[in-house]
Amino acid sequence: MYRLLRQIVIILALVSAVGPAQASGLESRPGWRVISTGFAFGDLVRRVKDAVRDEKMLLVTQASASDGAKGQGIVIPGNRIMGVYRNDYARRMLKASVAAGIEAPIRYYVTENPDGTATLSWKTPSHVFAPYMEEGGAELKALATELDSVFEAIAAKAVGN
């Protein structure tokens, strides 16, 4: 499992390297929640971490193209992917659908906007798990619905004042 998570983090870092230049182009799309905030990038990252902890979830992965670029002496807009999950949810998910395990952890995406503010976005758990619903049945649907509420609560705390 550790090797798989490590590979996911590396892939996310590579994929996200394209996104920062277009951070201002984030928009609502099917299955996504996108919330523009007045917070600076670093402040929003901290607030998401605090909200994850407050909701008794775990930050299990992080990837940042901007941190990687900074290490190479290149400055790009702030960009951080934050994988959030918890083992009891993982066990329930796997009981319903082993294939759905590829989708965990579910990610938040914090991006820095040209004006210095930051945007919080994520794919809703119901959207993420939709391809596995036939296989996962009522158990996976219930889990996804529960996680939708958890992810909304985390976001509300993170972007609230």
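I placed Asn 79 in strand E3. I then noted that its side chain makes a polar contact with the side chain of Tyr 109, at 2.9 Å. For a polar contact I took a pair of N or O atoms within 3.5 Å; within protein, one must be able to donate a hydrogen and the other to accept it, and residues adjacent in sequence count only if both atoms are side-chain atoms.

I note that this is a predicted model, in which local features need pLDDT of at least 70, side-chain atom pairs count only at pLDDT 80 or more, and totals for chains, interfaces and linings use all residues. Residues are numbered from 1 along each chain as its sequence is written, and side-chain values use heavy atoms, with hydrogens and water left out.

**The chain**

I counted six helices and five strands in the protein chain, taken as DSSP runs numbered from the N terminus (helices H or I, at least four residues; strands E, at least two). Along the sequence I read the pattern α-β-α-β-α-β-α-β-β-α-α. Of the 161 residues, 42% are buried.

**Helix H2**

I listed Phe 41, Leu 44, Val 45, Arg 47, Val 48, Ala 51 and Val 52 as its buried residues. They cover an arc of only 165 degrees around the axis, which puts them on the same side of H2; the arc is that of the directions from the helix axis to the C-beta atoms. I found these buried residues packed against strands E1, E2, E3, E4 and E5 and helix H6. Just after H2, I noted a positive phi of about 60 degrees at Lys 56.

**Helix H6**

I compared H6 with a straight helix: for its 27 residues that would reach 39 Å, but the end C-alpha atoms are only 30 Å apart. I located a kink of about 70 degrees in H6, centred on Glu 139; the bend at a residue is the angle between axes fitted to the seven residues ending there and the seven starting there. Among the buried residues of H6 I recorded Gly 136, Leu 140 and Phe 151.

Notes. Buried means under 20% relative accessible area, exposed over 50%, partly exposed in between (1.4 Å probe, protein chains only). Contact means heavy atoms within 4.5 Å. The expected span of a helix is 1.5 Å times one less than its number of residues.
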